[in-house]
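Open the model in your viewer and keep the sequence beside it. The tour goes from the whole chain to single parts.

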Amino acid sequence: NDAADISHMFSLSRPLEPDEQIDFFLSHSWYDDGDLKMEKLNALSEAFYRQSGRYPTFWIDKFCIDQAHVSDFLCVLPVYIMACSEMLVLVGETYAQRLW
């Protein structure tokens, strides 16, 4: 994925509502199996829904960071992580090699 392919993703994000929280900060490698990650995210989302009556919110880098201004967003990455209730790590074959 290059920046041109993903630049529109930021427009799919939205600000939180006043009484809303970010449930999961998602850490993963974009090079790992996307279908498997979606399967796991869907299972987690359905279990979360059964328990809480709502679907979870996720902080996902390519949606929540404007790819045209990555450095502006990365400097406050710790704030984003602290704003989330939990960190969700999807470890696949390339995860350890793709850490920043």
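The stops below run from the overall fold to one pair of residues.

This is a predicted model, in which local features need pLDDT of at least 70 and side-chain atom pairs count only at pLDDT 80 or more, while totals for chains, interfaces and linings use all residues. Residues are numbered from 1 along each chain as its sequence is written, and side-chain values use heavy atoms, with hydrogens and water left out.

Start with the whole chain in cartoon view. It holds five helices and three strands; helices (H or I, at least four residues) and strands (E, at least two) are DSSP runs, numbered from the N terminus. In sequence order the pattern is α-β-α-β-α-α-α-β. The C-alpha trace spans about 35 × 35 × 25 Å along its principal axes.

Next, select the three strands. They form an open sheet in the order β2-β1-β3, with parallel pairing; two strands pair if DSSP finds at least two bridges between them. β2 (58-59) and β3 (84-89) are at the edges with a single partner strand each, so one side of each has no neighbour in the sheet.

Now select residues 22-27, which are strand β1. Five bridges join β1 to β3, and the two run parallel.
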